[in-house]
Amino acid sequence: MKLLFVTHNYLNGDGGSVYASRAFINAFACFRDVTLLCPVRGKSSPQEIDPRVCKIPVPYDVPRWRKAIDLVLGRIHRYFGILEKFLDEDEFDTVVFDTCYPSFRMLDKVRKRNCRIICIHHNCQCDYARDSLTFPERPLMLFWLRRCERQAVRGSDLNLTLTPDDKELLYARYDPCRLSRIEIAGVFEYKFSDLPVPSPVQDSVFIITGNLGARQNDDSLLLWLETYYPALKRLVPDAHLIIAGKNPSERLTARCRELSLELIASPAEMQPLLYRARWYICPNDRGGGIKLRIMDALRTGLPVLTHRMSARGYGPFRDLALFLYSDLDSFCSALSRMIRTEVPSQSVQEAYRASFSFSSGVSRLERILQEIDG
């Protein structure tokens, strides 16, 4: 059984989408013969990919003016012509598109080769683009993404989502036919690994982590500092807040300096910082998909205070270690409950292992495919 995996994500970084892509590639490699088509730039190469995977780097070394023209024409990925070449040269029974991007205008070409089509939706792509991209790229990309996402949902044999919320949104927006299934694969680690040993409880230390250079994270965090941080200090006067992540903006850096907050830009390792914290906060109130940095907190055994928008995909933890808010009143209530509640770190980690370990992800994915083959 041969599978061609086509991803839109660069696999040499450490962002949430890269994390999820690696997980699916490595999981498929546990029970399929996988060939990977992946983007590269410069001398970069895919990292943390199962050695059994045959990796085919696909560069896109064209001038900026050519990229602009491609965007206007709807050439939103680099696989035009290349994908057909691989399908003609080898016999694949399944093609997996990692996000809807690389599937655009490719589905008919794949179906003519009698291949099963699977599309992995990391989020509702239009929602993510709306909250992450800026003008002038945003309106053009949204124009094409609406068509791209609709074609992927309706034209794939199987759509995989990371959260129940995204499954419901895709059904509601695109009304896929009964032959195009949508299943929840969830998120999971991309390799077998041991869980960190919980550290001694730290007094009143809160932590926020993530890609601080991403637009939706930057906007959400600045609004949170303006709206919610004063309430945190009022309810926990001795609270110490750590903000850590790569590429913080100048305005975030300036705001943290004004508030005398501990801002750690682009730390070499995040785990030692998580060990310092007693509670984790996720302030992101926009965008699509699952917020994978919450996984880091749960993996460490930390209770999490999060905006409801970022709680998607973490249902099993809502009665254990997840405290939700949507406005200032509910923030104060959730914060008060969290600091009064003793949450055993080992219980959080046991629940994490059951939902997010690599072995749990492989089992879910294999079960979904077996049910389809039925």
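This is a predicted model: local features need pLDDT of at least 70, side-chain atom pairs count only at pLDDT 80 or more; totals for chains, interfaces and linings use all residues.

Residues are numbered from 1 along each chain as its sequence is written, and side-chain values use heavy atoms, with hydrogens and water left out.

Asp127 counts as buried because its relative accessibility is 10%. Here, buried means under 20% relative accessible area, exposed over 50%, and partly exposed in between (1.4 Å probe, protein chains only). Now display the contacts of Asp127, a contact being heavy atoms within 4.5 Å. Not counting residues up to four places away in sequence, Asp127 touches Leu169, Arg173 and Gly287.

**Salt bridges**

Next, select Arg255 and Glu226. These two residues form a salt bridge, with the closest N and O atoms 3.6 Å apart. The pair links distant parts of the chain: Arg255 is in helix α10 (residues 250-258) and Glu226 in helix α8 (residues 215-227), 29 residues apart. Arg255 is partly exposed, at a relative accessible area of 23%. Salt bridges that share partners also join Asp127, Arg130, Asp131 and Arg173 into one network. A salt bridge is defined as a side-chain nitrogen of Lys or Arg within 4 Å of a carboxyl oxygen of Asp or Glu.

Asp131 is buried at 14% relative accessibility, whereas Arg130 is partly exposed at 40%.

Then move to Asp50 and Arg52, whose side chains meet in a salt bridge of 2.7 Å, N to O. Asp50 is buried, with a relative accessible area of 13%, while Arg52 is exposed at 52% relative accessibility. The structure as a whole holds 24 salt bridges.

**Helix α3 and its two sides**

Select residues 82-89, which make up helix α3; its buried residues are Leu83, Glu84, Phe86 and Leu87. They lie on the same side of α3, because they cover an arc of only 165 degrees around the axis. The arc is that of the directions from the helix axis to the C-beta atoms. On the other side of α3, Asp88 and Glu89 are exposed. To see what covers the buried residues, display β1 (2-7), β2 (33-40), β3 (54-59), β4 (94-98) and α4 (107-111), which are included in that cover.

**Two loops with positive phi**

Glu48 is partly exposed, with a relative accessible area of 40%. In the loop between β4 and α4, select Thr99; this residue is not a glycine either, yet has a positive phi of about 80 degrees. Thr99 is buried, at a relative accessible area of 5%. Most residues other than glycine have a negative phi.

**Ala334 in helix α13**

Select Ala334 in helix α13, residues 328-340. Ala334 is buried, with a relative accessible area of 0%. Leaving aside neighbours within four places in sequence, Ala334 is in contact with Leu305, Phe323 and Leu324. The C-alpha atoms of Ala334 and Thr306 are separated by 9.0 Å, and the two residues are 28 apart along the chain.

**The whole chain**

Finally, clear the selection and view the complete model. The protein chain has 15 helices and 13 strands. Along its principal axes, the C-alpha trace spans about 65 × 45 × 40 Å. Of the 374 residues, 53% count as buried. Among contacts with a separation of 6 or more, 68% are between residues 24 or more positions apart.

Key:
Helices (H or I, at least four residues) and strands (E, at least two) are DSSP runs, numbered from the N terminus.
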